[in-house]
Amino acid sequence: MQSGPPPAVQGCADRHARRRGEGLGRGARGENQARMVLSSRGTGAKPRIRSEGEHEMDFRDSPDEHDFRIRFRTWLAEHAPREAIPVEPDARAAFLHAWHRKLYAAGYIGLSFPVEYGGRGLPVTYEAIYNDELGAAGAPPGPAFGHIANAIRLYGSDEQKKRHLPGLLSSEIRWCQGFSEPGAGSDLANLSTRAEPVESNGVVASYRITGQKIWTSEAVWADWCLLLARSEPGSRRHHGISVLLVPMRTPGIDCRPIVTASGTREFAEVFFDGAEVDAANLLGEPGQGWAIAMSLLGYERGPADIGWVSRFARTLRMLEDEARAGTLRPESTLRASLAKAYVDLRALQVQVQRTLSSRKDGSTPGPEGSIDKLLMTRTDQSLHRAMMDLRGATPLLDDGLDLDLYFWSRAQSIFGGTSQIQRDIVAQRVLRLPRAGK
Amino acid sequence: MQSGPPPAVQGCADRHARRRGEGLGRGARGENQARMVLSSRGTGAKPRIRSEGEHEMDFRDSPDEHDFRIRFRTWLAEHAPREAIPVEPDARAAFLHAWHRKLYAAGYIGLSFPVEYGGRGLPVTYEAIYNDELGAAGAPPGPAFGHIANAIRLYGSDEQKKRHLPGLLSSEIRWCQGFSEPGAGSDLANLSTRAEPVESNGVVASYRITGQKIWTSEAVWADWCLLLARSEPGSRRHHGISVLLVPMRTPGIDCRPIVTASGTREFAEVFFDGAEVDAANLLGEPGQGWAIAMSLLGYERGPADIGWVSRFARTLRMLEDEARAGTLRPESTLRASLAKAYVDLRALQVQVQRTLSSRKDGSTPGPEGSIDKLLMTRTDQSLHRAMMDLRGATPLLDDGLDLDLYFWSRAQSIFGGTSQIQRDIVAQRVLRLPRAGK
Amino acid sequence: MDASLTDEQQALRDTVARLAADLAPQSPAGLPPKGSAVAEWGRLAEMGLLGMRIPESAGGMPLSGVEVVLAAEELGKRVVPLPFIGSAICASGLLAAAGASAELLESLSSGRTRLAPVLDRTLARLAHRGEPGVAWDARGADAGLAIERDSGRLVAVRPSADRLNAVDLTRELRAVEASAEVVDIGDVGGALSVDAVNRVLALTMTAICADLVGVMQAALDLSVAHVSARVQFGVPVGTFQAVQHMAAEAQVSVEAARGLAWYAGWAVDELDVPEALLAARTAKAYCSEHAREVIEAALQLHGGVAFTWEHMAHVLVRRALVGRQTLGDEHAQLDAITALRSAAAVP
Amino acid sequence: MDASLTDEQQALRDTVARLAADLAPQSPAGLPPKGSAVAEWGRLAEMGLLGMRIPESAGGMPLSGVEVVLAAEELGKRVVPLPFIGSAICASGLLAAAGASAELLESLSSGRTRLAPVLDRTLARLAHRGEPGVAWDARGADAGLAIERDSGRLVAVRPSADRLNAVDLTRELRAVEASAEVVDIGDVGGALSVDAVNRVLALTMTAICADLVGVMQAALDLSVAHVSARVQFGVPVGTFQAVQHMAAEAQVSVEAARGLAWYAGWAVDELDVPEALLAARTAKAYCSEHAREVIEAALQLHGGVAFTWEHMAHVLVRRALVGRQTLGDEHAQLDAITALRSAAAVP
């Protein structure tokens, strides 16, 4: 018969005792008041400092993380644009582009990317801090290219990484992503854009691209496109697909803006009519396109990787200010809606922290990423419904950013893979439910 | 070029003018105050009188309907049991049985059934009035055998109708319905209970029944069972199934109560071990079982046919009384929940009125009945969630009727065909969406 | 009790449906520009739709609230960009109730004059003269119609020249400044009682409910057509159970919303004002909530294409969002219903 | 920032999971009757789970809120019918904070004494002595623990002999009358500050959240197993997209709920009381709402069989319903959060 607690329990107790002995933790006796110096602000993202050293669950910043947070917060207070984001599409793109270059120049972009490729070489958890602070400051959104950058980081040759990543991260070179097609939306494997290998002396020298992409964001301003195309003639479904890095100024590429439901023009249809790119622009191996695409989508679905969390925090912060100013509607069914939005946002923020923590070892998003995407979609849609409800007639009398945000929130369950696709993934690949026909 | 409004518009105008000329309708000038004499009560089911005569959309009672309503209301005020419904299963069954016999004796059961079979020969819309008043009075639920009675009415021989309907309607003879099996829930066509034809002199003289039924409600108290069984050996899916009217005291029938999640015992498993019934007890034709079952389910899914609407109205009425007495919880997200329940209930009541009106010509429920079932389920589930929320700890500290109602509300999306099945039906048979594999 | 349409009502609905199909913008590009009056107004007059709530003595041809509901649903379904509800139901109804001159009423029923009710800036209620407001459903309107706070009489005011950049592309909204000039449109009649105003508001709310039902039905019809045709994974996406169930739930909502709109349309002519208003608010609570649910489902069922300017989906969304808000969405109605119900006498 | 478990924490979780599997009722028939003390309490003491919030000086072995959360989830998942949260977390935490005698605390950590917090009859807050209350999680409890209104000191009271017929079949609730007799359980220490009480309440709420997460996970696990095995229409029902999507949404809720419980468990030892309480309320709002969603989904995924007494589903439902309500469900928490957030200073 056993005497004394099991080793695991004893281990946790020892650690807890050490921690308390070090004067960390507050416990019931209110130790360590002095370390809690910074006032609460924004959405509860109070900076907290923890000791460096052994791994331990701690939602508080390490001293280095804390320094970074304060530095970024101070920088944002001084440098974040105060003016409203322009509504006119080109002006809007130029405004955001300038902002992204400024963020990079100050050292806040590419935080978790290697220094040699223009990044900052920090743990991936810094991306969460960046998101927190950007949102809490109410600053304009940061660049949304994490998924493209990670695809190049993971699958690019050293030369490709050196060539492309610094310009991408700095926003000097602008990128778009050519995935969806008119006949390949949810069913991406149905894509029909061809990249025909052109041989010279028995080796593939270039690819000739023919087809049409749709919903290519920022394509009209992009210098390069990360393109998914069928490189093996006659191949079907997810076989025979490759990724090419395509300069947008290649002859044979035509780009037509899509006007969205809210009147913006950040998307385009891109037509390829025999556009030819050098075989050196192949990312990864021939036929590896599907794997690269799935990896990229894993990042695109991540709430932190392309900065969604910070946008939601920004909206909530503005609504809470309006609530305090008494300008929101008072109906009883709306009274707790900001508290609800706060809870949903906290659920998402903590989920992001857990996901990023699990990626500290360099691992890449798996099917569990679909959980985060679904959670993000819930938060996005309930937050922006609440925004529309609380502001009442105001956003209806002035067609502008609010309606745009509302439409975006509805599109959140479509782009990057519909919620139906995400639920299929969670059911079949996380919960391991049986597939039909198997 | 046309002059004057089209005939259809003119026709409506003429009718409206006639109606106003007759002093009906109130219009903007407040005519006809004298006809609106009865005060509002319950869930807004104010009795209203309309003129007999030509067909016309009118949610008000006709004079005959009005008389019936007042008579029933007066009768209920005097005769509805005031004591709480007993919790103990047998006592509960006896209590309700006595109540149902009393309702019948007073002339309020089988309203839309032919007089010759023990009914009252009234239009089907009287069932709505009956439901309204039963609910508004807070009376115990009426009998829930409309689906069985309609199956016998529609498919029975004259002899069967004469033999069975009067006793069924009067509750003298109690019935249960043997449909679901352990392997045939949502997939009813998978049923395996066999009714083997036993021939004598080359004709089928009887059927020998072997198999198991489950979720047979009231089976332990029932005298007869309307049984669905496979009468054609080797048949598959919905072919070769027949309906038999089986006396429960037939040798070879064993009935074991199912204790439900809330501790009640109104359901049973029924085991058939070679129980033999006379071939005269076949309902309809051999092999017609599936059609009869679908017809019966159409009634079972109807919110009025088995009295659900009145039960919801009863619950809402009690909750509104408690709200006025100030005994419900005050949280902001709950403040409008009774208004919401009222709106949902009104949506259901009006839907029932529309459905019953469309059945005045004797037509039977079609796939649209699944819309009513889904709407009823929404109302049931949101109402009982609200009930649990508003009463807070009270129903949790005393395991009883409230928890039972809550469990029933959750089961509403399962029995009579799951909500998933209902949505399949609406999508494929009402909206005509394509079926997989076709 | 009979909750079904008469043959004439069905015929009226079909007639209006054909007219609406004629007047329907076929694509967002076909929408009239803001400020355009849209000449087809006369066709509604020819059909008798502009005199539905004007007495025969003043050139109208009164029809019941149920017919108003049937017409409004068909016009909503085709997002017809004409101020049927604003001018022919609300403004005409107010003026008829106030006893305006036959001449003024006749100019409304004949289509020569169009008037728009002035709502406050929250769109929740009729505005008084002297407060900033919004002329609602004001396409081609000669003036807005507000209420004098003291006298309870109607007064016509001139909307601001600047047009609001409102989200609805089919129903025009124009700003009315606090200092808006009074316009002489003829004899607007006497003081309106609270009951008289409320009865017209009940019908206006109900007509908006019907409009929302039409929009929902259109969104569902478009979705059903889309998912039946759109192929992904080698099959129509409409074969997927998740897609089918979303459409089925939308169908349930549309049917229930339609029923409540019918009932409220019937109640407005048949019941006392408090009950007619409760019926209207009940319908408006339900239709406002479910219109949003249904259009959001329709966006999801369409996928990306619904988010392009060229697709009609956003036109439906925009009309639904403004319709929801006008005279109170579900949040406003539920609070109002709570107040009405808890005040109800209990026997 | 590191939001992942340490190796020791994972080991602790696994250890508790094994114990919980041992203590788990295998079916409703295996549940201990009401009033039975359940002797296995000692096994929690052996494992050190009863001294998690008691100082070493009083025989305890303090563990952090995160470990409490991990243990509570595993015990919840197996619906272990023992008062871990009531006695070992809440009552022990209150007594430790009040500076109760080492002797009393040691009798708690060793399992010789069990105490149950007394909540008011709404289950929303700790009760004062002299008001009717409920001894919560009182299986085998020697006494209930209430607060003296004037002194702020703890006081042990005797629950009524009549047992409440509460719906939770695993966690016992007993009535405490206003006139309940005071029981001498030893030196219960001095007055508790509001902060001290709130910190214990924050941890108790958080532990209930973790219990709810465990119940949700159990409901989901049972459902996944059921739909994978149950065949209808010739295929496992788990192949139907509607079924898969319901399970997937439940998985999202469970993950998010678990994250908030972890955070709140961490916060209770690391942040100031108002922030720890906000974290606990945030978790409780989320877990209360989604626990109901998930158990309702589980009922649907099971179909009829979940509504039989023999099936564990209703045991989970019952535990979840009472857990939701205890110390405030989402409705109560959202109002509290609104108050906390709107009072927050804005820079």
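**A strand, a loop and a helix pair**

L119(C) sits across from V134(C) of strand β2(C), with strands being DSSP runs of E of at least two residues and helices runs of H or I of at least four, numbered from the N terminus. The model is predicted, so local features need pLDDT of at least 70 and side-chain atom pairs count only at pLDDT 80 or more, while totals for chains, interfaces and linings use all residues. Residues are numbered from 1 along each chain as its sequence is written, and chains are lettered from A and ligands numbered from 1 in the order in which they are written.

Strands pair if DSSP finds at least two bridges between them. Strand β1 (residues 115–120) of chain C runs antiparallel to β2(C), joined by three bridges. Four bridges link β2(C), again antiparallel, to β5 (residues 173–176) of chain C, where A175(C) is the bridge partner of V134(C).

In chain B, G287(B) lies in the loop between β8 (282–283) and α7 (289–300).

Turning to chain D, helices α8 (residues 273–302) and α10 (residues 330–343) pack at about 150 degrees with axes 8 Å apart. Axes are lines fitted to C-alpha atoms, for helices over the stretch in contact, and angles run from 0 to 180 degrees between N-to-C directions.
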